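Hi everyone, thanks for coming. Let me put the structure up, and then I'll walk you through a few parts of it.

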Amino acid sequence: MFSGKQTKPTFKSYLPPLQTESKKSPQLPIKKLEAKLLPGEIVVNEANFVRKCIGAESCQDDLWGKLVCTNFKVSFITHKSLPQQRFQCTHRLLGEHDIPLACVEQVVTVNDVKGKQKILGSNQKLKFNPTELILYCKDFRIIRFRFDEAGPESAKKVCLAIAHYSHPADPQLLFGFEYVGKRYHGSTGERVNGVDPGGGLQTPLFDCSSDWDREIKRTGASEWRVCTVNQGYFISPSLPEFFVVPVSLADQDLKQYACFFYSQRIPLWCWNHSSGSALVRMSNISDPQQQRKVEQRISSTITKSHPLRSDVFKSDLDKNLPNIQDIQAALLKLRQTCVIDPFEESEEKWLSSLESSRWMEYVRTFLRHAVEIVYMLESRRVSVILLEKEDRDLSCVISSLVQLMCDPHCRSLHGFQGLIQKEWVMAGHRFLDRCNHLKKNDKEESPVFLLFLDCVWQLWNQYPAAFEFTEVYLTVLGDSMWVPVFSTFLFNCPRQRAEHSRDFASSKSIHLGQDQALRFPPVWDWSQQFSLKDQTLFNNPLYVGKIATCVQNGTVKTFTHRRSKKNYSSTMRGLPSVLRNGSLGPNDTLARRNSLVLRLRSDLTQVREQQETPSERFVREFFSRPVDLQGLLLPQLLPSHISVWKLYFLRWVPEAQIPQGGPITTFHKLSVLTDEIEMLQNQLRQYKGAGSTPNNLHTEHSKMYFKATSTPQQSPAPPEYLSSSFPFSPVGNLCRPGILGTPLSKFLNGAKIWLSTETLANETV
């Protein structure tokens, strides 16, 4: 009964099933790799057994998975995690390996066997089977995929699909329309699940008269009124339906004068200084015969709105600032220097290439012109008109920078978002064209908004405690331009948004109900993209608001920051301590780089004896006083003061990454300290019976991303995953061959672009 014959076949009978399962096991994960789709998103093509390149030279860290193209993104799905990837913010619309189609700059296919490569556009043919796909992205990433094990036809089809869907032929083919139509609007006209995009938003959108009324009252512009003459876009197709004009300017006059301006863009009020001076933007007058008459009439009404009846100063931005083509060319050269070209072995060559891009020169030019406008408003106390041919690009930058320098409200999170909404979105900046979402006209593409964000970062970098938000917020805001589901960066003007959304709703038989158009969510609803936890990365621990208080000896006190009397230089060689805005002391010399020859005393005397202009005196006097972070802020404008925005432009560069270093280490310590202070204040208020936040809820409601421990004596150590590119990671996001090394050693320690002594001596603010 228990003979040995039964043991042998019993043992053998289990081997075949095990062998069969082991052969099928490599295919099982591929079948489970499915893309996570948003409402309205569909898969258009995919390829299995694709390898995502992680390292430039070695493939041992590469990831295997499925490459998917949808009508929204390029998605790579894998079961494995990135090597050395221990932290990343979770984006609610995009996965770890996802790239929005709007972010794709170029689609390059390569066949390394035949030595062929081709840049693919929409509806193009591919005559060879690609072995590699390279995606050059607008956010400075370079993503590479290999098709060594993938089927040649599936590889070709997915490449063609990516090229086609990244070049939509019509605005309504942008994914945002499908997304909003499916997510927020049901077939009966009711909002899906009661969702209201932008509902409860604290940021004013300036799409109704009440928002403008509140802004008039906030700035004390009593001689200005909300105008409704453009309701239904009756006067100008690119202006908002509501805007602000002088009280003395009648609607009938606006209708009469509108035809004389380019695109009928009549003057727009931007902001009022506390002295009564107004900042106004205006397009050029197209009819030369009527120019003098119309300008006098407009200037007269602006003068009447000033309590002192001061004159009006006109600033021609087209003559004083780079044009949009110059800005685009500068960004292309900057991208070439930062991420495309391999770093030179010589540091001077790399810095020279950075300087020759002219990007930082343009940033400095815009900041300097904004300071000149601030001088007219603040010191001369006259109203200013910003003149630009169409009033839709350069004026957006200057008007916003002026308000940031003058108005502390604009340096708060909601104030800054409202500023962009007012001066960019509602004022008709061509986001659709400037971002080139349709890839139709490269001549219209220009990173004007990114240039503005860089200017804001320069101010933030010099006065970080004056801003409620962080540089992470500015970086994420720049990235949001390439996630085309938000109304903020999707259209050229409010009318275009209304017309396209109505047409799309009609074509898809979407009943809008009480709404007149699809309600796109604004980018300011950050819960669409990030969790509440990740949004705390936007909160600046250094920020001192008007109502910021501290508890000292049992008394609640308001405190402000004062600027240190010491001046710290961040130049490569160092600058004399008394060098401020281009002036040198009598005993100071500035050595030319790599030269032993110093400036002659006579040269320094000539620089010192140059006649000082009133605006230069205004700036010099500003820097001679302690700075009130809740008052006027002026940037320091020597070339040595303008830094490279490393977190945006160099975050993907592995050689530029500093493990456990960079500004994030300071941010971590300040966040922990701020959280600890808040925790102690809550405990003190509880002790005094003030009824504040319970201790067990403090961690949940803290505004800081990095939190203190429950026992203040045990200060938490910095997490191991912190690096200078936090919260972004270069792993797998910048894969390029032929990296020879990095010249960034001194640069990452605070060095700036070096200019000759002659250039520095001749600089003016």
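**A walk through the model**

Let's start with tyrosine 543, which is partly exposed, with a relative accessible area of 22%. On this scale, buried means under 20% relative accessible area, exposed means over 50%, and partly exposed is in between, using a 1.4 Å probe and protein chains only. Please keep in mind that this is a predicted model: local features need pLDDT of at least 70, side-chain atom pairs count only at pLDDT 80 or more, and totals for chains, interfaces and linings use all residues. Residues are numbered from 1 along each chain as its sequence is written, and side-chain values use heavy atoms, with hydrogens and water left out.

Back to tyrosine 543: you'll find this residue in the loop between α19 (532–535) and β15 (549–552). Helices here are DSSP runs of H or I with at least four residues, strands are runs of E with at least two, and both are numbered from the N terminus. Which residues does tyrosine 543 touch, not counting residues up to four places away in sequence? They are Arg411, Ser412, Ala465, Ala466, Phe467, Glu468 and Gln630, where contact means heavy atoms within 4.5 Å. Serine 412 is 131 residues away along the chain, yet its C-alpha atom is 8.9 Å from that of tyrosine 543.

Glutamate 34 sits between α3 (28–32) and β1 (43–52), and it counts as exposed because its relative accessibility is 51%. Leaving aside neighbours within four places in sequence, glutamate 34 is in contact with Lys66 and Ile77.

Let's zoom out for a moment. The protein has 25 helices and 16 strands, and buried residues make up 54% of its 765 residues. Of the contacts with a separation of 6 or more, 73% are between residues 24 or more positions apart.

So what is in the core? The largest nonpolar core has 203 residues, and those with the most contacts inside it are Trp359, Phe416, Phe452, Leu477 and Phe649. By nonpolar core I mean a set of buried Ala, Val, Leu, Ile, Met, Phe, Trp, Tyr and Cys residues joined through side-chain atoms within 4.5 Å. Helix α12 (residues 359–380) gives the most to this core, with 13 residues. Leucine 477 touches several residues beyond four places away in sequence, among them Phe416, Phe489 and Trp526.

Helix α5 (residues 175–184) is mostly covered, with seven of its ten residues buried. Those buried residues pack against α18 (494–507).

Last stop, a helix pair. The axes of α13 (residues 394–406) and α14 (residues 413–425) come within 10 Å and cross at roughly 150°. Axes are lines fitted to C-alpha atoms, for helices over the stretch in contact, with angles from 0 to 180 degrees between N-to-C directions. That crossing makes α13 roughly antiparallel to α14; angles under 35 degrees count as roughly parallel, over 145 as roughly antiparallel, 65 to 115 as roughly perpendicular and the rest as oblique. On the α13 side the contact includes Val397 and Leu404, and on the α14 side it includes Phe416 and Trp424.
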